[in-house]
Amino acid sequence: MKHILIAMAALVTLASCEGGSFKKKNCKECETLTYGKAGLVNTNQQQVCGDDEVAAYTIANSTNNSSLTVTTTCK
């Protein structure tokens, strides 16, 4: 019985990795650019999946103050 449970768990894991029912959808590549007074300071790329998550990620990773400007775009 234990072997059957382990085999089923392995199949579910493989199915999710190969694009089964647990596959993340609507993934976009997001790029966050950080600018300081001297110019571009940092670049970060991240894959974000799901429309709600992309919108939240863009808002959370964009800001502007007297010393830094952080902009995030997703394609």
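Student: Which cysteine forms a disulfide with Cys27, and how far apart are their sulfur atoms?

Tutor: In general, a disulfide is a covalent bond between the sulfur atoms of two cysteines. In this predicted model, Cys27 is bonded to Cys49, with 1.9 Å between the two sulfur atoms. The angle about the S-S bond is 100 degrees, and the link of Cys27 and Cys49 is right-handed.

Student: Is Cys49 buried or exposed, and how does Cys27 count?

Tutor: The reading rests on relative accessible area, where buried means under 20% and exposed over 50%, with partly exposed in between. Cys49, at 18%, is therefore buried, whereas Cys27, with a relative accessibility of 32%, counts as partly exposed.

Student: How many disulfides does the count come to, and what does Cys30 join?

Tutor: The count comes to two disulfides, and one of them joins Cys30 to Cys74, with an S to S distance of 2.0 Å. This pair links distant parts of the chain, since Cys30 sits in strand 1 while Cys74 sits in strand 4 (residues 69–74), 44 residues apart. The link of Cys30 and Cys74 is right-handed, with 110 degrees about the S-S bond.

Student: What is the pairing when the bonded cysteines are numbered in sequence order?

Tutor: Numbered in that way along the protein chain, the bonded cysteines pair as 1-3, 2-4.

Student: Which pattern does the protein chain follow along the sequence?

Tutor: The protein chain has two helices and four strands, and read along the sequence they follow the pattern α-β-β-α-β-β. Of the contacts between residues at least 6 apart in sequence, 45% join residues at least 24 apart. Buried residues make up 15% of the 75 residues, and the accessible surface comes to about 6000 Å², with 58% of that area belonging to carbon and sulfur atoms.

Student: What is the phi of Asn26, and where does Asn26 lie?

Tutor: Asn26 has a positive phi of about 60 degrees, although this residue is not a glycine. Asn26 lies in the loop between helix 1 (2–17) and strand 1, and at 49% relative accessibility Asn26 counts as partly exposed.

Notes: Residues numbered from 1 in each chain as written. Predicted model: local features only at pLDDT ≥ 70, side-chain atom pairs only at ≥ 80, totals over all residues. Heavy atoms only, no water. Disulfide = S-S within 2.5 Å. Buried < 20%, exposed > 50% of the residue type's maximum accessible area, 1.4 Å probe, protein only. Contact = heavy atoms within 4.5 Å. Areas by Shrake-Rupley, 256 points an atom, 1.4 Å probe, with all protein chains shown as cover.
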